[in-house]
Amino acid sequence: MRALDENPVTVDAAYVGVNFADLKARAEGYRVQSLPFVPGLEVSGRIRAVGLGVGGLRPGQEVVALVNGGAYAEVVVAETATVFPLPEGLDLRTAATLPTVLPTAHALLHEVGRLRAGESVLVHGAAGGIGTVAGQLARAAGAGAVYGVVSSAAKAEYPLKYGYDEVFTTDTFPDEVRRATGGRGVDLVLDPVGGDTLRRGLDALSVFGRLVSFGNASGAEPWHVGQPELYAQGRSVAGFSILALAQSAPEALRSLAERAFRMVTDGNVTLPVTAEFPLSDAAEAHRLMGERISTGKLLLRVAD
């Protein structure tokens, strides 16, 4: 069993979100410290029990939680700081799509990317969960143009329904960005891929542009960027991981999540569930995501 805080909350799971990190944990040992290991980062359900001294949470309460693994289960243990009462107006199924995706997208655009009204943004993985939300959040923030990048032409139509002006494929995006922006480049790039895609993303930036790295889906060796790439045009590179923030600054995460969740309850963002599987068919959900043919958010159903 993984290490817990002093006052854990146990949750009878209803739905569990599927994330690419789950696939990397299974296939590559990503963030797997020991075996046996149960994947899963986000869960919705009802509280079974709370630790001594826990305030604001009670048995039977409907909640959503971000966890550091172990969500693919009927009963999930979560740290108090990352358990949230079910946002107003949402059901457990919808709420299970939120814990990693919505705060991450919000942080990428606002807290880290510092997007300003009128600026342009380019989002890699535009057809995925974070991409679906990022397009809507960028539009709500008054972005001047929102561009997406997808892995194949078959996915290109999907993001256009969620705030994107144009969608490019991975092999053509730098040239297409230059065309779409008249050679200027974009103000902000959000990159979960890493490797060569990150390098090419720097070339798609405008003068004073920013790139935020939030993953390494490519599995490439870490790449270091420094003075030669950044100084000439005043570009900058930042990074973000919601799981790292949960460990290092849980109160900052809590504040971020509460701001992000309001975007859903206020009607600014929707996150469609495009496929749902029973927990026993988690392997099929992983296959669908691993073949890069899925869009939106995938869920596992634990209990109705």
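Colleague: Which residues does Thr 181 touch, not counting residues up to four places away in sequence?

Modeller: Thr 181 touches Tyr 147 and Val 186 on that count, contact meaning heavy atoms within 4.5 Å. Please note that this is a predicted model, where local features need pLDDT of at least 70, side-chain atom pairs count only at pLDDT 80 or more, and totals for chains, interfaces and linings use all residues. Residues are numbered from 1 along each chain as its sequence is written, and side-chain values use heavy atoms, with hydrogens and water left out.

Colleague: Is Thr 181 buried or exposed?

Modeller: Thr 181 is buried, because its relative accessible area is 18%; buried means under 20%, exposed over 50% and partly exposed in between, with a 1.4 Å probe and protein chains only.

Colleague: And where is Thr 181 placed?

Modeller: Thr 181 is in the loop between α5 (173-180) and β9 (186-191). Helices (H or I, at least four residues) and strands (E, at least two) are DSSP runs, numbered from the N terminus.

Colleague: Turning to Arg 210, where is that residue?

Modeller: Arg 210 is in strand β10, residues 205-213, and counts as buried because its relative accessibility is 14%.

Colleague: Which side chain is joined to that of Arg 210 by a polar contact?

Modeller: That of Glu 119, at 2.9 Å. A polar contact is a pair of N or O atoms within 3.5 Å; within protein, one must be able to donate a hydrogen and the other to accept it, and residues adjacent in sequence count only if both atoms are side-chain atoms. Arg 210 also touches other residues, including Asp 187 and Ser 236.
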